[in-house]
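Reader: I'd like to learn how to read a structure like this one. Could we go through it feature by feature?

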Amino acid sequence: MIPANLFSRFQLIQNIGSQLRLIATSRVQLSESLYVHRDTVENNPDVPFEFSEDNKKRIAAIMKIYPEGHERAAVIPLLDLAQRQHGGWLPISAMHKVAEILDMPKMRVYEVATFYTMFNRNPIGKNFIQVCTTTPCWLRGSEDIMNCLKKKLGINNGETTKDGMFSLLEVECLGACINAPMMQINDNYYEDLTVKDTEEIIDDLRAGKEPKAGPR
């Protein structure tokens with residue numbers, strides 16, 4: 001006969017086990033991004049990439065920041081420089097160039113470029129709109145902002161307008177929770193947004209104007 005205290009422990013283990021099984025069988029959330037490279041006409045190793053002369057000077061200055069023997073730590077700023085030069089996205093040939101400059105295995109550069117969401121590995125529009133929909137922004141109406149942009153631009157999340165002017169992406173926290181809801185367009189933050197504010201910002205960009213960044 002099993003002693004009462006051992007029987008209670010056995011029941012506890014069974015309960016924990018059933019909870020773990022529920023966790024293990026929960027639905028896996030799938031990412032919208034493909035982290036495996038697929039060659040395209042515009043993005044393959046044969047497409048030439050070379051840093052501009054100005055950026056070569058910037059690279060030399062960046063490399064001096066790092067101690068001798070630790071130059072590979074410059075991989076993120078060099079990838080960022082390549083992306084900015086290439087119209088806001090990072091082709092695989094640019095990754096190869098960074099690997100060459102840093103004497104770094106290409107795979108290590110791929111790992112960095114696929115880990116950080118700041119790197120866009122496919123072409124984007126001239127105005128890259130990222131809308132934060134994490135809890136503080138969601139509570140303050142980010143869903144309305146996102147719906148406004150979809151309607152105004154005629155595209156859905158992850159798409160680019162036919163004229164190449166705008167790309168739209170729903171993202172996680174951008175660190176401006178106190179001024180929610182907000183969106184980032186290229187390097188600028190637009191905060192405390194209303195639907196009207198959002199429409200005005202898009203109208204300004206379409207007209208070739210630079211909307212005032214920061215809180216509205």
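Reader: Let's start with Glu111: is it buried, partly exposed or exposed?

Author: This is a predicted model, so keep that in mind throughout. Glu111 has a relative accessible area of 38%, so it sits in the partly exposed class, between the 20% and 50% cut-offs.

Reader: Which residue does Glu111 meet in a salt bridge?

Author: The general idea first: side chains of opposite charge can pair when their charged atoms come close. Here the partner is Arg108, with 3.0 Å from N to O. Both residues belong to helix 5 and are 3 residues apart, about one turn of the helix. Arg108 is partly exposed too, at 44% relative accessibility.

Reader: How many salt bridges are there in total?

Author: The count comes to 8. Another one joins the side chains of Lys97 and Glu100, at 3.5 Å from N to O. That pair lies in helix 4, again 3 residues apart and about one turn of the helix.

Reader: Are Lys97 and Glu100 buried or exposed?

Author: One of each. Lys97 has a relative accessible area of 13%, under the 20% cut-off, so it counts as buried. Glu100 reaches 58%, so it is exposed.

Reader: Which residues are linked with Lys97 and Glu100 in a network of salt bridges?

Author: Glu50, Glu53 and Lys56 are linked with them.

Reader: On to the nonpolar side. Which residues touch the most other members of the largest nonpolar core?

Author: Val75, Leu79, Leu90 and Leu102 do, in a core of 22 residues. Helix 3 provides the largest share, with 5 residues. Apart from this core lies another, made of 17 residues, including Ile129, Phe166, Ile185 and Ile202.

Reader: If I zoom in on Leu90, which residues is it in contact with, leaving aside neighbours within four places in sequence?

Author: On that basis, Leu90 is in contact with Leu79, Ala82, Gln83, Met95, Ala113, Phe119, Asn120 and Arg121.

Reader: Which residues form a nonpolar patch on the surface?

Author: Phe115, Tyr116 and Met118 form one, with about 330 Å² of accessible area together. Met118 lies in the loop between helix 5 and strand 1 (127-132). Its relative accessible area is 38%, so Met118 is partly exposed.

Reader: Last one: what pLDDT does the chain average?

Author: The average is 89, and 84% of the residues score at least 70. Over residues 20-31, though, the pLDDT is below 50, and beyond near neighbours in sequence this stretch has 0 contacts in the model. Where pLDDT is low, the predicted coordinates should not be read in detail.

Technical notes
Residues numbered from 1 in each chain as written. Predicted model: local features only at pLDDT ≥ 70, side-chain atom pairs only at ≥ 80, totals over all residues. Heavy atoms only, no water. Core = buried A, V, L, I, M, F, W, Y, C linked by side-chain atoms within 4.5 Å. Buried < 20%, exposed > 50% of the residue type's maximum accessible area, 1.4 Å probe, protein only. Helix = DSSP H or I, 4+ residues; strand = E, 2+ residues; numbered from the N terminus. Contact = heavy atoms within 4.5 Å. Patch = residues over 30% accessible without salt bridge, like charges linked within 9 Å, V, L, I, M, F, W, Y side chains within 5 Å. Areas by Shrake-Rupley, 256 points an atom, 1.4 Å probe, with all protein chains shown as cover. Salt bridge = Lys/Arg side-chain N within 4 Å of Asp/Glu carboxyl O. pLDDT = per-residue confidence, 0-100.
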